[in-house]
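I set out to record what I looked up in this structure, entry by entry.

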Amino acid sequence: MGDRRSKKRGGPPAERQAGPDVFAEFGLSCADFDVDYGGGKSFLSGQRIVYMTVRHRASGRTASGKIGTTKRDADHQRDELLCTLLRSFVQS
């Protein structure tokens with residue numbers, strides 16, 4: 001095998017759910033919502049994006065959105081997008 005070091009390989013990426021602190025900030029319960037999110041690249045501009053859909057289980061109402069991000073800042077942008085989408089549930 002030679003002198004090459006093996007690559008560091010982490011396990012499967014952990015499913016990161018939005019913490020209850022984001023929901024508690026708006027006076028909402030995490031158990032009342034389904035949050036689906038993902039990421040990718042825009043085929044037109046090549047910019048990285050994070051997209052998210054938040055669904056209120058009791059009413060079935062949904063809010064969705066997307067935000068441009070960088071590779072490093074994706075976690076922060078995902079939390080920011082979640083806050084923006086949750087505001088629409090608080091106002092109504």
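**Notebook entries**

I began with Gln77, which I located in helix H2.

I noted first that the model is a predicted one.

*The chain as a whole.* I looked up the secondary structure and found two helices and three strands. Read from the N terminus, I recorded the order of the elements as α-β-β-β-α. I then checked burial: of the 92 residues in the chain, 23% count as buried. For the surface, I noted that the chain exposes about 7200 Å², with carbon and sulfur atoms supplying 49% of it. I also looked at contacts with a separation of 6 or more, and 38% of these in the chain are between residues 24 or more positions apart.

*Aromatic rings.* I searched the whole structure for aromatic pairs, and the search gave two. One of them joins Phe33 and Phe89 in an edge-to-face arrangement, with 5.1 Å from centre to centre and 75° between the planes. I traced this pair to distant parts of the chain: Phe33 belongs to strand S1 (residues 33-41) and Phe89 to helix H2 (residues 74-91), 56 residues apart. I checked both for burial and found Phe33 and Phe89 buried.

Note on methods:
Residues numbered from 1 in each chain as written. Predicted model: local features only at pLDDT ≥ 70, side-chain atom pairs only at ≥ 80, totals over all residues. Heavy atoms only, no water. Phe/Tyr/Trp six-rings, centres within 6.5 Å; stacked < 30°, edge-to-face > 60°. Helix = DSSP H or I, 4+ residues; strand = E, 2+ residues; numbered from the N terminus. Buried < 20%, exposed > 50% of the residue type's maximum accessible area, 1.4 Å probe, protein only. Contact = heavy atoms within 4.5 Å. Areas by Shrake-Rupley, 256 points an atom, 1.4 Å probe, with all protein chains shown as cover.
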